[in-house]
Amino acid sequence: MKKLYVLGLVASLACHSALAQTGSTPASTPAPAAATPLLNDKPAFIAELMSRMTLDEKVGQLRLISIGGDMPLTRLADEIAAGRVGGTFNSVTRKDNRPLQDAAIQRSRLKIPMSFAYDVVHGHRTIFPIPLGLASSWDMDAITLTMRTAAIEASSDAVDMSFAPMVDISRDPRWGRTSEGFGEDPYLVSAAARAAVKGFQGASTKNADSVMSAVKHFALYGAVEGGRDYATVDMSPMRMYQDYLPPYKAAIDAGSGGVMVALNSINGVPASSNMWLMQDLLRKDWGFKGVAFSDHGAIVELIRHGVAKDEREAAKLAIKAGIDMSMADEVYLKELPGLVKSGEVSQQEIDNAVREVLSAKYDMGLFHDPYRRIGKPADDPADVNAESRLHRAETRDVARRSMVLLENRKQTLPLKKAGTIALVGPLADAKIDMMGSWSAAGVAAQSVTLLEGMRNAVGDKARLVYARGANITTDEKIVEYLNFMNWDKPEVTQDKRTPAAMIAEAVKVAKQADVVVLAVGESRGMSHESSSRVSLDLPAGQRALVTALKATGKPLVMVLMNGRPLTLAREQKEADAILETWYTGTEGGNAISDVLFGDYNPSGKLPISFPRSLGQIPTYYNKPRLGRPFTEGKPGNYTSQYFEEVTGPLYPFGYGLSYTDFSLSDVTLSSRTMARNARLEASVTVKNTGQRAGETVVQLYIQDVAASVVRPVKELKDFRKLMLQPGEEKVVRFTIDEDKLKFFNAQLKYAAEAGQFNVQIGLDSVAVKQEGFELQ
């Protein structure tokens, strides 16, 4: 099939060198031999192909169609054959995609292959922890492994491209899509972005087991006003460049072949029509050469934004801004030909977009073999959901690394595999919620719940008793909304008993037990697109359950399942231990049980701060310095604080406990001064002072003492994750060079300024040891 395709494509390229852009069809097809060498010369090949394309065929390449929308598959195949579609998304099996590729290769005039995309965010069939959980591992190898595994599975299902990673900085946890990102810090999110792109794209996007990444959402989507999805963003350029833009650039510098454009406006201009964002910044300043996708229906939404009066103007604004592919609408198809003919859009602007689309297909190897990820029908799996296709060992290992131990009074954890253990909670046996949002082609039935995992762990060594205890929420309007948001079938099922009856059963079960494990949090739909919240408390029914179980006097272990920081000031006092598990994926129940019973020592650290209350938001750690800062332990008027409660987060960025203890020595600097273009070394000795082996993350922060503009109180600049045996100690060394001291000043110049700097090293962002040096 590959040979026939190449011969046919080259034949189509070789014919009629004078073909005009009018939609006419060549009368004959000459022999292909003379043009064959062009296939291995990308610029020449793309140029030659574009010279053969009609305007309608070029516009067709700029359409990305959503499978499952209003267009029947038979009509879609006809549209592809007519050259009016460039790619699809949401079709994720070989049997789905092969007929569509056949329509392009066997029926279209130029035989330009289709590309197939999907939102593979944290796993394809094997679901790994949500990205916020992955970031909690502070383990870039684990993130790369996650995306590499996802790429292998997705590519074997005929997927060419993933709309991931999502690298939006999130400092307002009310935003539902906090779950999809890597947290609040530019340095950590940038590191995760690079690791994710590396995993998706592997050694080459041409390889059959790799998929091209399309980083999203460009740009600043996580900074939407009030944490409300799709809202506006109004931000100073200095903050953009310093805090919010670095992760996108990190992904692009790592080679991401695509960019998905955000739905929000930026300082009054929607991202989808933002010339500064898409042309000046992305293309000119950053040198991006890949393909830019609109988000779902975003071009038409320019009308609702109020910057376009109709679809014609929306198409004009988007193509001029540099939106190469229009997702899930017909606006380019309907409007671009007329805009070109009227001269409002130039042929060059169309060609620029088409060139990027074709180049991406070339880079994915589709011109060399359009079936490289689809394969032959004889090789199709008999069961696409077969257990043998899953990578359970990998996701179990990564899931264990992603959990954060928040509390552990009186060494309540790890649990003993003995006696009677009560497991209670609406998320204790919730298969679909284990997967979290954007779970791609994952199958809920294959998820291991916490109930199943704990049964596997204890076997016949202990008695495990279970009660649901509460529903996710008692608000039926919320249930209706969450089920409406799910396209396939209702996800939230309600126990029809009264809340009082469910709590009574849970209390009865708890009184039989030596210890109570309580699984509470959010259903996965509560941490999703269009699921912003006005409260970060546990829902009322779950909070009542916590209080009732605490009243039994039994040791209470709270297992959190959620996609954002929650406000847990009351629960912190009531629970004896709190384990943040996020949404752990296919092997979640087994992984959580590994941690609960001490078969794995938790090592996760928070990638995002937990506020004490909603009123504290935003609570990010690297906030700008103030003229009247609040200082803990030094009460006084006229300082920046909320007077009703303790100032500062409940759990800070970088925080996480272990079943062992670690100590840090004072910081040692190799020099107290640093010349320009030089470097110095900061070191600490880390010792495991506990009784068992464990991992921890040593974090390097730098504070610019005095600068030309207000700088953050501190900024993460490096970190090391290391394993230590009981009593073992290691020296951890960090190299500090001028690049670690640079920032964007008021003129957006990226440079380091001479002066004093404080070096802070700790196991979280608050408990640090400090020394200083001077940059000369």
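Me: Which strands does helix α15 lie across, and at about what angle does α15 run to β9?
Reply: This is a predicted model, in which local features need pLDDT of at least 70, side-chain atom pairs count only at pLDDT 80 or more, and totals for chains, interfaces and linings use all residues. Residues are numbered from 1 along each chain as its sequence is written, and side-chain values use heavy atoms, with hydrogens and water left out. Helices (H or I, at least four residues) and strands (E, at least two) are DSSP runs numbered from the N terminus, while axes are lines fitted to C-alpha atoms, for helices over the stretch in contact, with angles from 0 to 180 degrees between N-to-C directions. Helix α15, residues 347-363, lies across β3 (115-118), β5 and β9, and its angle to β9 is about 110°.

Me: Which strands stand at the edges of the open sheet of eight strands, and why is one side of each left without a neighbour?
Reply: The order in this sheet is β9-β6-β5-β4-β3-β2-β1-β10, with parallel pairing, where two strands pair if DSSP finds at least two bridges between them. Each edge strand has a single partner strand, so one side of each is left without a neighbour in the sheet; these strands are β9 (291-293) and β10 (326-327).

Me: Which residue in β5 stands opposite Met 161?
Reply: Strand β4 (residues 161-162) pairs with strand β5 (residues 212-218) in the parallel sense, over two bridges. The residue in β5 that stands opposite Met 161 is Met 212.

Me: Are α8 and α10 roughly parallel or roughly antiparallel to each other?
Reply: The axes of helix α8 (residues 186-201) and helix α10 (residues 246-253) come within 8 Å and cross at roughly 25°. Angles under 35 degrees count as roughly parallel, over 145 as roughly antiparallel, 65 to 115 as roughly perpendicular and the rest as oblique. The two helices α8 and α10 are therefore roughly parallel.

Me: In the open sheet of five strands, what is the pairing?
Reply: The strands follow the order β19-β27-β26-β21-β22, and the edge strands, which pair on one side only, are β19 (673-674) and β22 (715-724). Within this sheet, β21 (residues 694-704) and β26 (residues 755-762) pair in the antiparallel sense over six bridges. For the sheet as a whole, the pairing is mixed.

Me: How many helices and strands does the chain have?
Reply: Along its principal axes, the C-alpha trace of the chain spans about 85 × 65 × 50 Å. The count for the chain is 23 helices and 27 strands.

Technical notes:
Contact = heavy atoms within 4.5 Å.
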